[in-house]
Each structure stands twice: as structure tokens, then as C-alpha cells.
Amino acid sequence: MPEREEDAPVLLTMSDVRKSFGAVHALVDVRLELRAGEVHALVGENGAGKSTLVKILAGVHEPDDGVLTLDGQPLRLTGPADARAAGIAVIYQEPTLFPDLSVAENIFMGRQPLRGLRRIDTALMRRRAADLFRRLGVHLDPDRPARGLSIADQQLVEIAKALSFDARVLVMDEPTAALSGVEVERLFAVVRSLREAGAAILFISHRFEEVFALAARITVLRDGRWVSTDPVEALDTAQVVRRMVGREISQLFPKQETSVGETVLGVRGLTRTGVFSDVSFEVHRGEIVALAGLVGAGRSEVVRALFGLDPYDAGEVRVDGVRLPRGRPAAALAAGLALVPEDRRQQGLVMELSVERNATLTRRWPLARFGLLGRRAERDAARTWADRLQVKAGRLTDPVSTLSGGNQQKVVLAKWLATEPRVLIVDEPTRGIDVGTKAEVHRLMSRLAADGVAVLMVSSELPEVLGMADRVLVMHEGRLVRELTRDAADEESVMLAATGTTGAPATGISTDRRGGAA
Amino acid sequence: MTATTTSGATPETPPRPSEPPRDGSSAAHRIFMARELGIGLALVLLVAATTAVNPRFVSGQGRKDLLLGATILVVLAVGQAIVIVTRNVDLSVGSVLGLSAFATGKLFLAMPDAPIVLALFAGVGVGLLCGVVNGALIAVARVPALVVTLGTLYVFRGVDYSWAAGQQINAADLPRGFKSLGTATLLGIPVLALFAVAVLLAAGFYLRSYRSGRELYAIGSDPAAARLHGIPVGRRVFGALVVSGGLAGLAGVLYAARFGTLDAAAGTGIELNVVAAVVVGGVAIFGGSGSVYGAALGAVLLSTIGSALPVLRIDPFWQQAVVGALILAAIGMDRALAARIAHRLRGRRARGA
């Protein structure tokens, strides 16, 4: 790490910070140094530990180990109030405002100016809010409720809040992810003026052009570990990408070679205004297609729409050439589609019900006799699948909530595989699952493909994408920007496409079709 | 600025976000104000129509009856509104009222010369104690308020029954001074109603003007964000439940003063009327918005409907249906509003993809 003595004074440091959640090591020996009047960028893949780091600075999580200092003094943050008292403001990707309260109240919540009898001085509060917006050069009505503000305006309210308590450290977690081009420009103008005023800014973004435009230094995290911190002059995009992904692809992916058959699922011009647009692709029999991209690129939204869970505004979805009606999950099921959702606790399982009940939920009617579900039929059906997937459960009558994450995921898979789908859509199939179970899930998907099922997999884990997929479709900001064959796909090409970088990539077959914004 | 943001509307439309985006939510705000005005208007119409049929409806005694009838419901509604604003609910208020009313009666049986102030303290004290139990279970044990207060609804009532053991306290057992509290007037307004007005004004002032009062709204608006802001969520919710309990205790004393005849069943089932009054009064059942004034207006409206229907010669059986229709209308308005705002939000969120 190069030391440049002539630089602005160091304001906040983190050193040897560790944080674990159960068996998962979110951060291991992470260091960071923020200087007054400087924008410091933090980059890393999904799951590299950026959000955990942000939450430590916000006082939401306390580190298990390690030291934070502010102005050279040790700093201990036991709650969000501590962070605020220390002058640290955090702006989350999705701002955390109170929708029912006015903009001015949102800015000053808990710190409202007071007058006699400790009453809130509403007029003064409103005036101060208006002053803050004037300083930021924006026109927001302090009296309007926060509900209905655009994300960009909500972020401005958050920034106004940071200004209101003279925050010296401003942490911005992917502030531009949901903004349009103009909004990004306006945000940058504000960030630059805060920098000139001497604030230390930690800027997290997946957009390299933004990182290089704003930041003086870049810190790279990978798998919860600190990789490097360098001044931007010493780096280029390709280097940063390499550091973000630079790891061995483990041999965890037992991909079987399969023969690809005819088209089963065809998606043409699928568009949902403001979410994704003009998405077209095909999935063939016996093929695993990965939908890669950054969080928020619109991948889950696409699969939800094509399955009929969400509406779409234009385009069509065909299974075996037959068009699926939009917004009808039951029709999708009947056509042989199955969707294993991303959030299994919320959407995939009924946590209080037993393993066998969950496993047979999708086949209540075929299993029933005269409209009545027999326990025996349920149990037999559940046991078949539990055995095939090696679900480790004490008893099949135990509630699903007692199983480990990996075994829960197997139950979700069992539930959908029991419908004998022709197209299996899995959203983040191995999120939050330990390594061993991951391999089992991968082996299972591979075998399904070999059996002729068309598999569409949404995944944020690059090794999984590269290891499992016959083809990789990369989404960026709601558009399908690149299609890579198994041979052409590597970490750099996928990452470059996912971050919307136009710089000449090493590999890739299709032309860059990146649209609009940024 | 309209909600018609199309996918291509990004780089070409320059300073769009900088305009004061007044329309959407201040319109919502106006509708919300209209909500309280609307209830007031409905109340005025109801009273006017009823008076047209029977002028005695608002004569001296009629007016006093109307105000007295609304008093207890208003006190309870104010407490309930404070709780509902935080996205919780207190279903135990009817039982707390019963317990406090009976405790008041018992106090006067034991000490016939006890000053009225002592009775007030005792009743409110019983209520606060019940509120502490509710609040502790919700805030510390983190059990949902709906479940906790449903449980304590039965527990408090059970305590009440076993304490009363079938005993009924009659008006004759109560000291004259206390009973006259139930009929006394000041400038033509029943003294009991003045209690309710005082409670209402104090609560309204507190919620509007104090940090902790605003924090109750913040908690109801988004509990997770409230934690991120460092608002002591548990402590505030606890406080809200204690206040609700205390006000239910006060309502118990007022009940004793008004009716005089007390047994363990006093106030049975009133909790749903209270929740109905609060919801009709424009307090969102999921917290974050509404005012105690609206809740009080809702309470007055519901109790006035109860008095007006017989005068209008409408079958009293219809009363419940009318109340139900009002609740549905109130909630329907909330939903329509929320849907409109959500729609607008989605239009704006277009990411320029």
C-alpha cells in the first residue's frame, strides 16, 4: 500500500477487522483508510463483504475483532447513534426514509431543533431543511412526505441529513445503481462539493467509469479479504477486474457434457418498463443457461416475469412454440416450467410445515384421491425425493425450519422436481449454502440437464456461472448485453459485460449492445 | 411532472428531478387532511339530519348525552391511536377499563371518604400497571402486540372476574361527590367530556411537538429504518403501551363515575369499537400516519351513530352494519391512496435502461 505523506490527513481507519456470521466469514482482516477531502472507492464482487463493511461503519454490526480509529483515536460503534455521533453518515442503495413523514422530519428525526418546553421548532426545522437543499442546489419541498420521492431524491434527502449533522465521513453504498444518467451527474456534483468541503467519502460502485472519475484511491475486496489499495493513477479497469475475481476456479462443478436438443423455452423482446427491456433468448433441451449480472441488473425480475409472477409490458414467452399467457403462474406450471425462487425462506417454503408437506405442496392434486390428501401418499412421495436428493432431516415430519440452509434448498428443489418440469428455472440456487451441499446441488442440476431438462440459472457467483453453464447471458441495467459460450466465457469477460464496461474485452462473441444510461 | 415516465426518458429530459415534485404526495397529504375533514363533515350531516327529525337531539340534555356517550370511547381511542401509530395494537383496553372501574368501586367501598383524586390515581395506576405488562411482553419478549394483548385481554378480564367473584357494586355504594362527577357540567359541557378533551389535546400536542412523539410515527412508518436511525424502538413501543393502559385506566374511572353500577363485565367488547373508531378516524392500521384528533372524531362519529339511528327510526340492528361499512370505506380509501402512490413511484423509478 503506497503511503503518500503529502496527502490529506487520514480521518478514519479500519485495521484487521473481522466479522463472522455463524460459520460464514464475511470479513477477514480487512483494512481501510479514509482521508479528508478524498473520495475512496471500494469495489468487489457480490458477496465480497462490502455491505458488511458498510454496516460496521454504520454501527449496525460490531466487528468481532479489529480496530477503528477516527482522528487517531480508537472508535467503538455499538449502534447507529454512535456512528452518527462520530460524524459518519451512510447512504444505502435503497434509502431508509420514513415514507409517512415529511422530508424535513426525515432529515432531522431525533435531532429536531427545539424551542421552549423542549418542543420541536417546526418553522426552524423547515427553514434549515430548505437551506440544506439550497446548499445542495436542489429544489425539494421540505413539507412534502417522503413517500413517492424518486430514489435519486431520496438519496438527496439522505445527503441533506448527512450535511445537517456535519458528517465528516460519508459512506455511499452503490448510490448510482438505481439512478438515471442525469441523476448520476447531479449526485456527482454534490459528492464533489462535499469533497471540496473536506469530507472523507467512501464510494461503492460497480460502475468502473464512475469509480475512475470520482475516486482518488481504490480498495479491492475479495471473498471478505482485503486485496489491494492503490491510487487510481496506478490502475486500469482490467487490473481492477482481475483483482476482484482473481481466484482459482475450484473443481466443484461436476458439469456433465450433454447433447443440446431443440428449443424448449423461447423469450422474445420481453420488456417491463423501468425494470428490464427487450430481453430475448432461448433455452434448449439438455442445456444449462446462466443469467449473470450484478445485483439489480434485472435478472430475477426477468425470470419472475416469464414465469408469470410479475406482469410485463411487451414481448412474449413460448414453451415448445406455444405462447404462455402473461401473469399466470398456473399456466406456466402446466406448460412444464418450474421456478425455484431466490429467497427460499420467504417464497420457496412454508417454514412451519413439515418437510413432507413442503415437498409435496406442488402436487397436492395429483397425489390426492377423491380430493383428499392421504398422509401415506404424501409421505411416500416425499420419501422418494428426499432419498434422491439426500435431504438430511431427522424425520420427514419435522418442520422445515429445523433444517440447515442447504437441506432447505434441497426440499425446495424436491418440491419442484416432483412436478417433472421440462424447464427448470433456479434463482441463486446455492446462496447461503455450505460448499459440500453446493456441489450436490450442482451435480443435481447437471444430471437434470443430462436427462433433457432445460435449465435456466440466475447466479451472482461467477465460479458457479462459469462452472455450470453451457451458455452465459449477461445482463446490465435491465438489458441483455452479452451472450457467451462456455468456451468464450471467463471471469473477466463476464465481469466486464456485467459492469457495462465498453473497453475492449479479451474474449466474447457477440457485439456490445449496451444501451442508454450511465 | 406526471407518472408517465417511459423507458427512454432518461438522458433527453434534463432537469426533471430538480423540479419541486409537489404534485404526488402533497396531493396525498391533501386527501389525508380531507379525510379528517370528511369525518367532521359526516358528523355534522348526521347531527343535522337527526336534529331535523327530532330537534331534541341537540337540546341541552340531548347534547350532554351525546358528549357523555362519546367520552369514554374518545379517551380509549386516543390511547389506541398512540399505539396503532407505532404499528402495534392494544386489544386489552376493554379489560383494563373493566379492571380499573371495579378497582375504583372497591376503593370507595373500603374508604367511602376517599377523595376523587385518589380514585383517579388508583384507576390510572391499575391501567399503567396493565400497560407495563403489555409493553414488557411486546418490547422485551418481542411477541407481536396483537397476540400479547389478545392474551392479556382474557387475563385481565379473568383477574377482574375472580376479584369480583360475582359481586356487583351499585351506585348507592359510591360517595355522592364521585357520582356527581358523572353528571356535573361546566359551562354546559359535562365535566367527564372535559377530561376527554384534556387528554386529546395533551396527546395531540405531545405527538406533534415532541421528538419522542415524532419517533412513534417514524417507528410505525418503517421499523427497520427506525432502528437504523438509532431510535430506541423497544422503549418507545413500551411507552406507547403504558400510555394506552393508563388511559384505559382513566376511562375505567370515568365509566364508574358515569354509570355507578359496576361488575366484572364492564367494558366487555369495547376494544373493537375503539379500533374501529381509530381506523375510521384515519389512523393507518399499519402505523405511521393519522392523528389522535382523527381518532377522536372517529369515536365521536361512531357513538353518535349509535344515538342517532334510533331517533332516525332505523333498526338498531343496522348500527353494526353501518359501522362496518364505515370501516371498509376508510380502509378502501387507504388502499386506493397507497395504490396510486405506488403506481406513481414505479413510473418514476424507471432506471433509464
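A residue counts as buried here if 20 or more other C-beta atoms lie within 10 Å of its own. The model is predicted, and that criterion is applied to its coordinates.

Take strand β21 (residues 471-476) of chain A. Six of its six residues are buried. Side chains in a regular strand alternate between the two faces of the sheet. In β21(A), Arg471(A), Leu473(A) and Met475(A) lie on one side. Val472(A), Val474(A) and His476(A) lie on the other. Both sets are buried, so both faces of the strand are covered by the criterion of 20 or more C-beta atoms within 10 Å.

Next, the partners. Strand β15 (residues 288-293) of chain A pairs with β21(A) in the parallel sense, over five bridges. Within β21(A), Val474(A) is opposite Ala292(A). Strand β22 (residues 479-485) of chain A runs antiparallel to β21(A), and six bridges join the two. There, Thr485(A) of β22(A) faces Arg471(A). β21(A) and β22(A) make a hairpin with two residues between them. Glu477(A), in the turn, has a positive phi of about 50°.

Elsewhere in the order, strand β19 (residues 423-427) and strand β20 (residues 454-458) of chain A run parallel, joined by five bridges. Ile425(A) has Leu456(A) in β20(A) as its bridge partner.

Glu378(A), Ala382(A) and Ala386(A) are buried in α14(A). These three cover an arc of only 55° around the axis, so they sit on the same side of α14(A). The face turned away from that buried side carries Arg376(A) and Asp387(A), both exposed. Gln390(A) follows the helix, with a positive phi near 55°.

Finally, the largest nonpolar core. Of its 261 residues, Ala77(B) and Val78(B) touch the most other members. Helix α2 (residues 60-85) of chain B supplies the largest share, 16 residues. Beyond its neighbours within four places in sequence, Val78(B) contacts residues including Val199(B), Leu247(B) and Ala296(B).

Definitions and conventions: Residues numbered from 1 in each chain as written. Chains lettered and ligands numbered in written order. Predicted model: local features only at pLDDT ≥ 70, side-chain atom pairs only at ≥ 80, totals over all residues. Buried ≥ 20, exposed ≤ 12 C-beta atoms within 10 Å, placed from the backbone. Helix = DSSP H or I, 4+ residues; strand = E, 2+ residues; numbered from the N terminus. Arc of directions from axis to C-beta. Pairing = 2+ DSSP bridges. Core = buried A, V, L, I, M, F, W, Y, C linked by C-beta atoms within 7 Å. Contact = placed C-beta atoms within 7 Å.
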